[in-house]
Amino acid sequence: MARQLDEQIVGRFPVGQRLRVLDVGMGQGTQALRLARAGHQVTGLEQDPKMIAVARESLAGEPEGIRERMRIIEGDGRDTGVHFLPGSFDVVLCHGVLMYVEEPDPLLAGLARMLAPGGLLSLLVRNGDALAVRPGLSGDWAGALAAFDTTAYRNRLGLDVRADRLKDLTATLAGIGAPLHAWYGVRVFTDTAADGAEVAADVETLLAVEEKAGRTDPYRGVAALLHLCGVRG
């Protein structure tokens with residue numbers, strides 16, 4: 001996903017431009033910190049105190065220049081208008097958040113308002129068109145059969161959450177003024193791997209396969225996750 005995001009950033013902004021980035025629901029700050037290291041001015045918005053503590057600890061171990069480029073704010077992603085002015089950011093990330101939001105449209109509209117004209121909105125969502133793949137490959141035939149007719153599922157944390165269909169999100173992005181520019185699949189072949197499992201194969205080759213599949217039909221359509229990139233008009 002990081003490679004996909006970098007591809008979109010390089011293709012949209014001049015090389016060397018220091019971008020204003022907002023990471024909504026930044027979690028432990030993996031992408032936020034990576035982009036701060038790349039020279040961008042990054043704001044991370046997160047409501048979980050435990051995740052904030054992890055992100056702050058990671059940031060504290062970075063050189064001063066990187067620490068100065070990143071700030072962390074405790075808050076709900078649905079309240080971006082409380083914290084920031086419209087058009088304040090060149091790039092807005094919202095990765096792994098929508099599955100926990102029952103009504104995502106207001107959140108997405110708020111994210112689009114944060115973008116400057118020509119800004120990039122990056123979403124990572126659970127693929128509602130491929131929910132039967134994981135239980136099917138695991139031999140859970142009843143679960144696979146039920147998954148065809150729903151966008152609800154239980155994640156690996158045991159939480160009941162929701163997925164998004166590409167067609168629906170495409171329409172939503174058009175409606176909020178940040179129409180879909182590109183989309184990718186994420187975790188096409190590796191979604192059924194156990195958490196924390198050691199990778200026996202060459203990691204770079206594995207990533208190359210996933211990256212290729214994530215941009216190639218029909219493989220990307222059955223990926224566990226979808227990475228959608230919209231552009232503010």
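**A close look at the sheet**

Guide: Start at one pair of residues: G185 stands opposite L226, which belongs to β9. This is a predicted model. The strands β8 and β9 run antiparallel, and six bridges join them. Strand β9 covers residues 225-231.

Now step back to the whole sheet. It is open and has seven strands. Their order is β3-β2-β1-β4-β5-β9-β8, and the pairing is mixed. The edges are β3 (70-74) and β8 (180-186). Each edge strand has a single partner, so one of its sides is left without a neighbour in the sheet. On average, neighbouring strands are turned by 15° against each other, direction ignored.

Next, the cysteines. A disulfide is a covalent bond between the sulfur atoms of two cysteines. The count of disulfides here is zero. C94 is in none, and its nearest cysteine sulfur, that of C229, is 13 Å away. The cut-off for a disulfide is 2.5 Å. C94 is buried, with a relative accessible area of 0%. C229 also counts as buried, at 0% relative accessibility.

Last, turn to the surface. Y100, L157 and L159 form a nonpolar patch there. Together they have about 330 Å² of accessible area. L159 sits in the loop between β6 (152-154) and β7 (160-162). L159 is partly exposed, because its relative accessible area is 40%.

Technical notes. Residues are numbered from 1 along each chain as its sequence is written. This is a predicted model: local features need pLDDT of at least 70, side-chain atom pairs count only at pLDDT 80 or more; totals for chains, interfaces and linings use all residues. Side-chain values use heavy atoms; hydrogens and water are left out. Buried means under 20% relative accessible area, exposed over 50%, partly exposed in between (1.4 Å probe, protein chains only). Patches are made of residues with over 30% relative accessible area and no salt bridge: like charges are joined within 9 Å, nonpolar side chains (Val, Leu, Ile, Met, Phe, Trp, Tyr) within 5 Å. Accessible areas come from the Shrake-Rupley method with a 1.4 Å probe; for residues, only the protein chains shown count as cover. A salt bridge is a side-chain nitrogen of Lys or Arg within 4 Å of a carboxyl oxygen of Asp or Glu. Helices (H or I, at least four residues) and strands (E, at least two) are DSSP runs, numbered from the N terminus. Two strands pair if DSSP finds at least two bridges between them. Axes are lines fitted to C-alpha atoms, for helices over the stretch in contact, and angles run from 0 to 180 degrees between N-to-C directions.
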